[in-house]
Amino acid sequence: MANRSLFKKKLLPYWLILPTVIALIIFTLYPLVSGLFYSFTDIKFIGAKANWVGLDNYITLIKGTVGSARFFAQSFWQTIEWTISVVGGQFILGLITALLLNRDFFGKSAFSILIMIPWTIPSVVMSLTWQWLYDPFYGLINFYLKKWGFIEKYVTWVGQPNSEIWPQVIVGIWRGVPFMTLMLLSGLKAIDKELYEAAKVDGANTLQQFIHITLPSLKTIIVINLMLTTMWWWNSFDIQKIMSPVNSLGYKASTLPILAWYESFQWKHLGKGAAISIISLLVLLVIMIDRVRQEMRSVKE
Amino acid sequence: MVQIKKRHLANFGKNVLCYALLIAITIFCIFPIAWIFKTSFETPQFIRNPNIQWIPLKFTLENYKSVLNNPNAMIGKSFMNSLIVSLISTVISLLITTMAGYALSRWNFHGKNTLNVYLLLVNMVPGTLILISMFIILNKLHLINTHIGLILFYISTGLTLATWMLKGYFDSIPVDIEEQAMIDGADRMTVIRKIIMPLAAPGIFATGAYIFLKNWNEYMAASTILQKSELRTLSVQIVNFMGFQRVEWGPIMAYSVIVMIPSSILFIIAQKKMVAGLTAGFSK
């Protein structure tokens, strides 16, 4: 497309991207580089001096026994658990929903709109609402779980220093199902219906059709989807922050973004907070390395 | 005959199963929303009811009145703060990135793929990292506790996504349209203004809506950069209000309804286009 004569004027594209490039340098590259720099310093809080300490912050985090270092390993593994379970849960539910909505049936558009709703709620409102649903005294979830015999007495699900992360995972899944469904549905609609007709003639059953036609056709969109949501949910903040105990020093259900925020803004160690964020970024990079490589490869072409 | 009947029966069974599954998923998706509305219309004594009922026992608007009149809720002020901050940051992001999105879609130029890789990388950077260094920079510029400070942060997070999505939308407009117009003698600026922009308008709107909603709902930076109550945006104010209320769920849920209705409407209007843009931008 780009080789066509009309688009050969050499300078115009450079002028067009110039504002974005300048803005990217000022607003993203500069903060990124200075964040990296601060992770090698002992800066406490704004206004304090930043002395170069090399890898000290990183070493303290990994080997230390006081402050945020006590929670680092736990938050690290919890971030992985959190991301896998939230993205995985969203994916499975989203795929089922997309397959169901891809059929023709009565009331289809009503279902589609209702299922979209969790995506439209501000994340803060969502977190507060789920906190209310999990309420240890008058919460809806406790009520039904007890009524149906899953629990004997009411449980305090969230908001305690020793609360588990699983109740929050449910909220993350709830939040992400609509987006997954929409993405996968757009992929399903693009599949040629004749493929299924042909398979039926050949005597393939529904499961075989799903494995040999649906999944391969969806491959690209599934990969894109998982990459995008992994990036987002790895760095997710609002649910874990709002459903956590107020101003608590390290709690069981925290993930790296939460730990970095507390370290930086509650305990006022911006340098160490930056180091936590950098480690978090590096791990995410490793997870996403295939995608990055793919982009790099197209650089050479 | 028997065969056909069997198949009908199997089909019927399949349909019932599908409906049942779909209804279960739908209930999972909407029961919290129903509960928000129900709680917001319920009196405090029945909110603290050991039994769950889905229709308010004694319908009341008291919760809404108490939110609107409560000086700690500051709903009007916070609403304006959110509007100003989100709108300005969105408009600036769009103004800068629309041109870049068009260029990325239409030309191969030196450094294009470096830019693509960079956009992908920036999307992975934890918000906390940007917030930490922005916080230090804003402090040097005396912009902590100002809306300008928060707007600068939102521009930083909005740039990459906007460029990404806009490129996707421009990709979906066939290049032949421009070529034909230019063969017919129109110059490029006219083509961009008269043909491309109107065609891209829905995409630009969807991108704008996405960035706007992201900023409107943003919590981490807003709660960190803005400490003064009269500056707070809605998402921070509602959490803060909850602290004041000592878990009076009625007013909090009424507040939630007021906060979520405008953004949900915008979301539902723009959602289809937003999904298309995100997919296209990422798959290139």
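Helices (H or I, at least four residues) and strands (E, at least two) are DSSP runs, numbered from the N terminus. On that basis chain A holds 13 helices and zero strands, and its pattern along the sequence reads α-α-α-α-α-α-α-α-α-α-α-α-α.

The structure is a predicted model, in which local features need pLDDT of at least 70, side-chain atom pairs count only at pLDDT 80 or more, and totals for chains, interfaces and linings use all residues. Residues are numbered from 1 along each chain as its sequence is written, while chains are lettered from A and ligands numbered from 1 in the order in which they are written.

## Chain A

The C-alpha trace of chain A spans about 75 × 70 × 30 Å along its principal axes. A residue is termed buried if 20 or more other C-beta atoms lie within 10 Å of its own, exposed if 12 or fewer, and partly exposed in between, with C-beta atoms placed from the backbone. Of the 301 residues in chain A, 43% are buried. Two residues are in contact if their C-beta atoms, placed from the backbone, lie within 7 Å. Among contacts in chain A between residues at least 6 apart in sequence, 68% join residues at least 24 apart.

Helix α5 of chain A (residues 123-133) is largely enclosed by the rest of the structure, because 11 of its 11 residues are buried. Among these buried residues are A:Trp130 and A:Trp132, together with A:Ser123 and A:Gln131.

## Two helix pairs

Helix axes are lines fitted to C-alpha atoms, for helices over the stretch in contact, and angles run from 0 to 180 degrees between N-to-C directions. Angles under 35 degrees count as roughly parallel, over 145 as roughly antiparallel, 65 to 115 as roughly perpendicular and the rest as oblique. A crossing is left-handed if the near helix is turned anticlockwise from the far one by less than a right angle, and right-handed if clockwise.

| Helix pair | Angle | Axis separation |
|---|---|---|
| α7(A) (residues 166-189) and α9(A) (residues 206-234) | about 155° | 10 Å |
| α11(A) (residues 256-266) and α6(B) | roughly 20° | within 9 Å |

Helices α7(A) and α9(A) are therefore roughly antiparallel to each other, and their crossing is right-handed. Residues that make this contact include A:Gly172, A:Gly176 and A:Met180 of α7(A), and A:Leu218, A:Ile221 and A:Trp233 of α9(A). For residue classes, Ala, Val, Leu, Ile, Met, Phe, Trp, Tyr, Cys and Pro count as nonpolar, Asp, Glu, Lys and Arg as charged, and the others, Gly among them, as polar. The contact of α7(A) with α9(A) comprises seven nonpolar, five polar and no charged residues.

Helices α11(A) and α6(B), which belong to separate chains, are therefore roughly parallel to each other. Their crossing is right-handed. A:Pro257, A:Ala260, A:Trp261 and A:Ser264 of α11(A) meet B:Gly127, B:Thr128 and B:Ile132 of α6(B). This contact has four nonpolar, three polar and no charged residues.

## The contact between the chains

Chain B contributes 79 residues to the contact and chain A contributes 83 residues. Helix α12 of chain B (residues 249-283) supplies the largest share of the chain B side, 16 residues. By class, that side has 51 nonpolar, 24 polar and four charged residues.

## Chain B

Chain B is divided into domain 1 (2-65) and domain 2 (74-283), with bounds that come from an automatic or database domain assignment. The C-alpha centres of the two domains lie 34 Å apart. Their contact takes nine residues from domain 1 and eight residues from domain 2. On the domain 1 side, the largest share, four residues, comes from α1(B). The residues of that side divide into five nonpolar, three polar and one charged.

B:Thr60 lies in the loop between α2 and α3 of chain B. B:Thr60 is partly exposed because 16 other C-beta atoms lie within 10 Å. B:Thr60 and B:Glu42 are 18 residues apart in sequence and 5.9 Å apart in space, C-alpha to C-alpha.

Most residues other than glycine have a negative phi. B:His142, in the loop between α6 (127-140) and α7 (147-171) of chain B, has a positive phi near 60°. B:His142 counts as exposed, with 10 C-beta neighbours inside 10 Å. B:Asn145 is placed in the loop between α6 and α7 of chain B and has a positive phi of about 65°. B:Asn145 is partly exposed, with 14 other C-beta atoms within 10 Å.
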